[in-house]
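Open the model in your viewer and keep the selection panel at hand.

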Amino acid sequence: MNSMTTVPTDVLARTVALACRAPSYHNSQPWQWIANRDGLDLFLDPSRLVQTDLNERQALISCGAVLDHLRVAMAAAGWRAHIDRLPDSKNSEHLASISFTEMTVVSDGDRRRAEAIVKRRTDRLPLGPVMDWAGFETALRSRLDDTMALVDVVSDADRSELVEATYLTNVLRFYDTNDFEALHRWTAPFEASEGIPYDSLVSAAEGERVDVGRKFLPTHHPERRPQVPNDFSTILVISAHEHTRRDTLGCGETLSTVLLEATAAGLASCTLTHVTELSVTRHLIERVTGRAFPQVLARIGCAPENEHFPPPTPRRSLADVLTIKP
Ligand SMILES: Cc1cc2nc3c(=O)[nH]c(=O)nc-3n(C[C@H](O)[C@H](O)[C@H](O)COP(=O)(O)O)c2cc1C
C-alpha cells in the first residue's frame, strides 16, 4: 500500500461537492464535512434532522449514502479512501474519519461509477421492467460487501406484501400531523437548496400507477409517462445485520452502491423507506425477507429513453457543508 499522502484541497472540495449529490431523506442533506491535512471527517448534522426521524435512522442512511458517494468520487479522482467508521466513542455524530492513498490506476469502472453520481436521480413515476435482471443482479452482487448490509430481491409472489405495507402506512399516517408537517416542510417550494421540488413529485393519478411508493402531498402535473401504465420495477430490500448506528450507516453505503450500479447500467431507481419507518409495517417487510432489520428499499426499473427529466434536485452550497481546516 502507498503511504498516506495529503490530498490537495481543491480535489477534496470538488469530490465532496460531487458526493453531496447523494440521495437523502426528503433531501435534508444531514451531513457536515471537515477537511484537514489527514483527510476528511464526516459528521451527522443534528440541526438537519427531519422531525419524523426520531432515532436518526433516515439521517444515518443518508450519511451512509454520501460516504459511499465520496469513496466513489475520490476513486475517480485517483485516491483510495480508507474509512474508519464511528471513530469516536464519545461522539456518536462523528460517523467517519477518512484518509487517502494515491491509486496507480483509475479504471473505466471507477469513472463510470462517478459519472453515475451526476446522472442518478429519484424517479417516482412507474418504471418499465429490467430486461436482463439476472445479468444486472450478478454484476451488482459482485460490487456488494455482505459485511456492510444484506440485500434481498422481492419476488413477484411477495410484492403484494409490500403493497399491503404501503396501504397500511397510508392508513396509519392519515391523521399523523407530525408526518404531514414534515412533508409540507420538506416539499414546500420556498427553499432553493433543500427539500423535494414540485417537479420531482407525482400527481395523485401518477401515484395511483405505482403500487409501492410514499404518498407525498399531491402535485397537479399533466399525467407523465403514459406508455408505462403500471409499475414493473423490481424491488430490493436492504437490511442491517444489527440495529446499530454502524450497521444503519452500512445500509446507506449499500444503498449508494445499488443506486449507482443501477444508474451506470442505464436503469432508473427510487429509494423508499415509507414501509420501514413504522414498526407495524417494518414487521411485514421482515416477514418478506426473513431479516430482522430491514432499513431501506429501492425500486429498480427502466425509464423510457429520450424522456424529458425534471431538473436535478437542489443541494446546499459547499460552504454550508464543508469546513476546510488549515
Ligand atoms: C433514507 C432515505 C429515504 C428516502 N425515502 C424515500 C421515500 O420513501 N420515497 C421517495 O419517493 N423518496 C425517498 N427518498 C429519496 C429522496 O427523497 C431523494 O434522494 C431526495 O429528494 C434527493 O433527490 P434525488 O435523489 O433525486 O437527488 C429517500 C432517500 C433516502 C436517502
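**Stop 1: the ligand**

Select the ligand and the 22 residues around it; among these, R120, T122, R124, R214 and R315 come nearest. Keep in mind that this is a predicted model.

Start with R120: one of its polar side-chain atoms sits 2.9 Å from a ligand oxygen atom. Go to R214 next. An N or O atom in the R214 side chain is 2.8 Å from an oxygen atom of the ligand. Finish with R315, where a polar side-chain atom lies 2.8 Å from a ligand oxygen atom.

How much of the ligand's accessible area does the protein cover? On its own, the ligand has 610 Å² of accessible area, and the protein covers 99% of it.

Colour α2 (57-76) and β7 (268-272): these are the elements that give two or more residues to the shell around the ligand. Then colour that shell by class.

**Stop 2: two helices**

Select helix α3 (residues 108-119) and helix α8 (residues 245-264). Their axes are 8 Å apart, and the helices pack at an angle of about 95 degrees. Angles of 65 to 115 degrees count as roughly perpendicular, so α3 and α8 are roughly perpendicular to each other.

Zoom in on the contact. From α3, pick R112, R113, A116, I117 and K119; they meet L260, E261, T263 and A264 of α8. By class, the contact of α3 with α8 holds four nonpolar, one polar and four charged residues.

How values were computed: Residues numbered from 1 in each chain as written. Predicted model: local features only at pLDDT ≥ 70, side-chain atom pairs only at ≥ 80, totals over all residues. Heavy atoms only, no water. Near = heavy atom within 4 Å. Polar contact = N/O pair within 3.5 Å; in protein donor to acceptor, adjacent residues only side chain to side chain. Areas by Shrake-Rupley, 256 points an atom, 1.4 Å probe, with all protein chains shown as cover. Helix = DSSP H or I, 4+ residues; strand = E, 2+ residues; numbered from the N terminus. Axes fitted to C-alpha atoms, helices over the stretch in contact; angles between N-to-C directions. Parallel < 35°, antiparallel > 145°, perpendicular 65-115°, else oblique. Contact = heavy atoms within 4.5 Å. Nonpolar A, V, L, I, M, F, W, Y, C, P; charged D, E, K, R; others polar.
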